[in-house]
Amino acid sequence: RRSRHGAKVRCVSISKDTPPTTTTLPLREIPGDYGLPFFGAFADKMAYYWTEKLPKFYENRRDKYKSTVYRMNTVPGPPGFPDPRVIILLDEKSFPILFDVSKVEKKDVFTGTYHPDFKYTGGYRVLPYLDPSEEKHALLKGFCFEVLKSSGRRVFPELHAKLAAVFDGWEAGLQKDGKTSATKDLGMATLRFIVTAFTGQDPTAPDVKHSLGAAAPTTSKLWLAPQILPIFVPPAGVPKLLIPLIELLIHTFPIPYFFVKSQHSKICDFFRSHAGHLLDVAESQFGLARDEALHNLVFYTIFNAWGGIDILFPILVRRVGSTSPEFQRELGAEVRRAIEANGGLNPAALRDMPTVQSAVWEALRIEPPVPFQYGRAKEDLIVESHEAAFQVKKGEMLAGYMPMACRDPKVFTDPDSYNPKRFLGDEGQKLVQYVLWSNGPETEDPTLANKQCPGKNFIVTLSQLFVAEIFSRFETIQVDYASGELRSLKRVS
Ligand code: HEM
């Protein structure tokens, strides 16, 4: 069998007595070690969060071991979290083993080596924590596809309306102070958008039953954040004195659910009141219990969809907004030409915008919003990097750090640069398969049997729409990439 890379791949069953002979690459022992119990993990944890930070933590070990596959302790680790020992995968060739659910188990690894208390999800193991071998996986994923499908006709008009308010805010801010944040209002706009698109009801609308009001983003974040705080990397510049406190509060033990119980109840009440039609579908079409469907729906909408978009939209505006005015004029001309030719900003117009498409894929390549993926070897395996083959034993945990895999210099030229035209033309098209943000190649689709993000195509469309909305209104937009500060806008005349 040949892989997407053209190399021979054979994942053979191996035992101590019969060393594998079927890989064409030199067999190498996986470099790196875990150090002493607890102390090794603690040293790696300090380096990861505080002394080396990302991506240096990974790069330093890659250079030391001269390998893009090695052993290390991941975070959060002991004393409050399970076994941190992983084999990290940092290149485009080894990474896809994580997508092969016949070889790796995806049970309870959505957030890594630990999972948050399932009280955060009503006591249920929601879809992202299920392995496809579990019966519920296909039923819940089918329900998720249905939720996405039913949002169809609301997506374009709702995003247009919510973004128009953000753009008005940009213009007002610039006029008042000469500069403003390009990203600060996006969270509220995208939360209102996604909940309205999925349920038909704006969660902030006053006078509706169980409205979340203007606090909707805060309420949502308070429920969402504690689930991933154990792996949160603090920003640079934290005073040294605060480090022990932060470590103790968020990286040492799981955060108990009771702190956010009331916020979670408010969110569930809103969905119970306004998403009854979706819960009917879950019951009648998929045979799911109503309460389990509710908790999955809350998770898909607030955690998966909004949580992802809340990271991705700021990335998009900072990346595209800091390209040259010449490129932006070209992009804008493509957008406006397609809108005119297709009678408005509709799905057909988006298909006529190859440069917008490429710019979006490039943002997803260079800054994949969900940077980590995990999977436990279901059997003894051979994993290949570009240079060597490695034996992995059944039960060992594989982990991938996608921002490095997707900057693999063996696949992408100038991999650390944002090149919005990278995926144009025949040569560019060949690279699309190496965009992995959705937990799978961009050229493949999520199915009931795999773990690829069911929102993959929805999110790419949404991102294209966001870029097209910007350039249907503005000729140029100048954003400082590092700070996200908006410095100038020029309206289309
Ligand atoms: C899975 C990313 C939006 C629902 C995943 C995974 C990634 C991902 C990386 C795989 C996690 C793993 O198993 O290791 C993103 C990003 C998004 C986004 C970056 C936005 C920018 C959405 C949307 C939905 C969604 C809009 C739908 C409502 C899910 C679900 C899973 C998943 C339910 C689990 C799939 C399964 O178990 O087969 N997503 N996602 N995501 N995503 Fe998304």
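1. H210 sits in the loop that connects α5 (186-199) with α6 (216-228), where helices (H or I, at least four residues) and strands (E, at least two) are DSSP runs numbered from the N terminus. Its phi is near 55 degrees, which is a positive value in a residue other than glycine. H210 is partly exposed, with 17 other C-beta atoms within 10 Å; a residue counts as buried if 20 or more other C-beta atoms, placed from the backbone, lie within 10 Å of its own, as exposed if 12 or fewer do, and as partly exposed in between.

2. Please keep in mind that this is a predicted model, in which local features need pLDDT of at least 70 and side-chain atom pairs count only at pLDDT 80 or more, while totals for chains, interfaces and linings use all residues. Residues are numbered from 1 along each chain as its sequence is written.

3. N439 also has a positive phi, of about 70 degrees, although it is not a glycine, and its place is in the loop between α15 (425-431) and α16. With 21 C-beta neighbours inside 10 Å, N439 counts as buried. N439 is also listed with N304, G308, C453 and G455 as the closest of the 26 residues that surround the ligand, a residue being near a molecule if its C-beta atom, placed from the backbone, lies within 6 Å of it.

4. In the shell around the ligand, α10 gives the most, with six residues, and α3 (135-150), α10 (290-321) and α16 (456-473) each supply at least two.

5. Five strands form an open sheet of mixed pairing, in the order β1-β2-β8-β5-β3, and two strands pair if DSSP finds at least two bridges between them. Because β1 (69-73) and β3 (104-105) stand at the edges with a single partner strand each, one side of each is left without a neighbour in the sheet.

6. Strand β2 (residues 85-89) runs antiparallel to β1, to which five bridges join it; R71 has I87 as its bridge partner, and N73 has R85. Three bridges join β2 to β8 (residues 397-401), and these two strands run parallel, with A399 in β8 as the bridge partner of I88. Five of the five residues of β2 are buried, so this strand is largely enclosed by the rest of the structure; R85, I87 and L89 cover one side, and V86 and I88 the other.

7. The loop between β1 and β2 holds P76 and also P79. The peptide bond from V75 to P76 is cis, with omega near 0 degrees, and the bond from P78 to P79 is cis, with omega near 5 degrees.
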